[in-house]
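Biologist: I am new to this structure. Please show me how to read it, one feature at a time.

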Amino acid sequence: MDLFDDIPLQLPDAELRYEPHFLTPGEASDWLERLVAETPWERPEVYLHGRHYPVPRLVAWYGDPEASYTYSGLTHQPLPWTPLLAEIRSRVQDAVGQPLNGVLLNYYRDGQDSMGWHSDDEPELGRNPTVASLNLGETRRFDLRRKGSNRIECSLDLGHGALLVMSGPTQHHWQHQVAKTRIPCAPRLNLTFRWIRR
Ligand SMILES: O=C(O)CCC(=O)C(=O)O
Ligand SMILES: [Mn+2]
């Protein structure tokens, strides 16, 4: 085994596991191409300061029938697992050793697509949720900061085939973002697998 295949990241009040080469490049490219083509992408609107704004990326929510999920201020019913997403889920579940009943797909079309600062701390995720993030396509910078602080404490370049698992108290103490960038960027697809409580 490659010593650098599974990198535990030391951040206080967080549990992070990072596997840059979780997938082979060939497998990651195959999944990227198929997922981009087969996903019914949506662009939900958020309501902010009295106006509706479309989120700056494309999204889709898949899961078991009971796994409805509120994000961007709206409750989404899950689409049923496709054979491909069921296969990917089973690979990710084996890696984290826990069941996962939903996945949020985020498609960043270019460097202007982004995700603002937030924690994955919605009530339906419960206490100390495990969120497993699989990355396909362009490498984008993933930043972490403590809740209540503006200082970025840790940045990870999440590349093609990388898996990042956030668990334990991470979501209660830390926020994360994928910022816009002026660097020309190919598309990136991120899949965050979660466990939604009934
Ligand atoms: O695209 C990413 O790496 C982050 C996605 C994310 O934070 C989320 O779906 O909650
Ligand atoms: Mn998140």
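Modeller: Start with burial: a residue is buried if 20 or more other C-beta atoms, placed from the backbone, lie within 10 Å of its own, exposed if 12 or fewer, and partly exposed in between. Strands (E, at least two residues) and helices (H or I, at least four) are DSSP runs, numbered from the N terminus. Five of the six residues of strand β5 (residues 58-63) are buried, so β5 is largely enclosed by the rest of the structure.

The model is predicted: local features need pLDDT of at least 70, side-chain atom pairs count only at pLDDT 80 or more, and totals for chains, interfaces and linings use all residues. Residues are numbered from 1 along each chain as its sequence is written, while chains are lettered from A and ligands numbered from 1 in the order in which they are written.

Biologist: How many bridges join β5 to β8?

Modeller: Two strands pair if DSSP finds at least two bridges between them. Here β5 and β8 run antiparallel and are joined by six bridges; Tyr-62 has Val-103 in β8 as its bridge partner.

Biologist: Which residues of α1 are buried?

Modeller: An α-helix has 3.6 residues a turn, so residues three or four places apart point the same way. In α1 the buried ones are Ala-28, Trp-31, Leu-32 and Leu-35. Seen down the helix axis, they fall within an arc of 105° (taken from the directions from the axis to the C-beta atoms), so they line one face of α1. Gly-26, Ala-37 and Glu-38, on the other side, are exposed.

Biologist: What do the buried residues of α1 pack against?

Modeller: Contact requires C-beta atoms within 7 Å. The buried residues of α1 pack against α2 (83-96), β8 (102-108), β10 (131-137) and β15 (188-194).

Terms used. Two residues are in contact if their C-beta atoms, placed from the backbone, lie within 7 Å.
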